[in-house]
Amino acid sequence: MARMRRGWGEEAPPAPHIWRTLAYRGVEQRDGVSVIEWDATPEYCFHAPSGPIVHGGMVTPLLDTAMGGACWSTLDDDESFLTADLRVEFMRSARPGTLRADGRVVQRNRRVAFCSADLFDPDGTLLASARCTQIIRRD
């Protein structure tokens, strides 16, 4: 049986939702992959002597949402998931501009999905990486 759940389509999920709150854009969602973008503005930054830096608390949900979208795309209609574990590593400071999160399912079985995501700036520089464990539930 092939697993493939509907993607986000043309519309963001109904409000209230992180997609609408932060105006995420879905770039791609397919079997085990999810790519989203977010325009980080100075309002979501703290201001260091070197200039504005996007708060890590804003980077984390972008990575989490990309991994969640990748996991979602592998579920059957009667399945859902809960995040059991989430880890983020910050390699470089994120600056204002378009940030892209590439999420993917690394391994999935009947009860658990292991996912990862990478965050890139407009130049393609790796800024952060994340991993999570999703518990698959039958509804």
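**Note on the predicted model**

1. In β6, the bridge partner of Val33 is Arg104. Two strands are said to pair if DSSP finds at least two bridges between them. Helices (H or I, at least four residues) and strands (E, at least two) are DSSP runs, numbered from the N terminus.

2. The model is predicted, so local features need pLDDT of at least 70 and side-chain atom pairs count only at pLDDT 80 or more, while totals for chains, interfaces and linings use all residues. Residues are numbered from 1 along each chain as its sequence is written, and side-chain values use heavy atoms, leaving out hydrogens and water.

3. The chain holds two helices and eight strands. Read from the N terminus, the order of the elements is α-β-β-β-β-α-β-β-β-β. Of the 139 residues in the chain, 42% are buried; buried means under 20% relative accessible area, exposed means over 50%, and partly exposed lies in between (1.4 Å probe, protein chains only).

4. Strand β2 (residues 33–40) also has a partner in β1. Strand β1 (residues 25–30) pairs with β2 in the antiparallel sense over five bridges, and Glu28 stands opposite Val35 in β2. The two strands form a hairpin with two residues between them, and Gly32 in the turn has a positive phi of about 80°. Six of the eight residues of β2 are buried, so that this strand is mostly covered.

5. Ala23 deserves a separate remark. This residue lies in the loop between α1 (18–22) and β1. Its phi is positive, about 60°, although Ala23 is not a glycine. Is Ala23 buried, exposed or partly exposed? With 47% relative accessibility, Ala23 counts as partly exposed.

6. Helix α2 (residues 56–72) has 17 residues and spans 24 Å from its first C-alpha to its last, close to the 24 Å expected at 1.5 Å a residue. The expected span is 1.5 Å times one less than the number of residues. Of the 17 residues in α2, 13 are buried.

7. Which residues touch the most other members of the largest nonpolar core? In this core of 30 residues, they are Trp38, Val54, Leu62, Leu63, Leu99 and Leu119. The elements giving two or more residues to the core are α1, β2, α2, β6, β7 (112–120) and β8 (126–138). Helix α2 gives the most, with eight residues. A nonpolar core is a set of buried Ala, Val, Leu, Ile, Met, Phe, Trp, Tyr and Cys residues joined through side-chain atoms within 4.5 Å. In soluble globular proteins, nonpolar side chains tend to be buried together.

8. Leu62 shows how such contacts (heavy atoms within 4.5 Å) are made. Leaving aside residues up to four places away in sequence, Leu62 touches Tyr24, Ile36, Trp38, Leu99, Ala101 and Leu119.

9. A search of the whole structure finds one aromatic pair. The ring centres of Trp38 and Tyr44 are 5.3 Å apart and the planes stand at 65°, so the pair is edge-to-face. Rings of Phe, Tyr and Trp (its six-membered ring) pair if their centres lie within 6.5 Å; planes under 30 degrees apart count as stacked, over 60 as edge-to-face and the rest as tilted. Trp38 is buried, with a relative accessible area of 1%, whereas Tyr44 is partly exposed at 30%.
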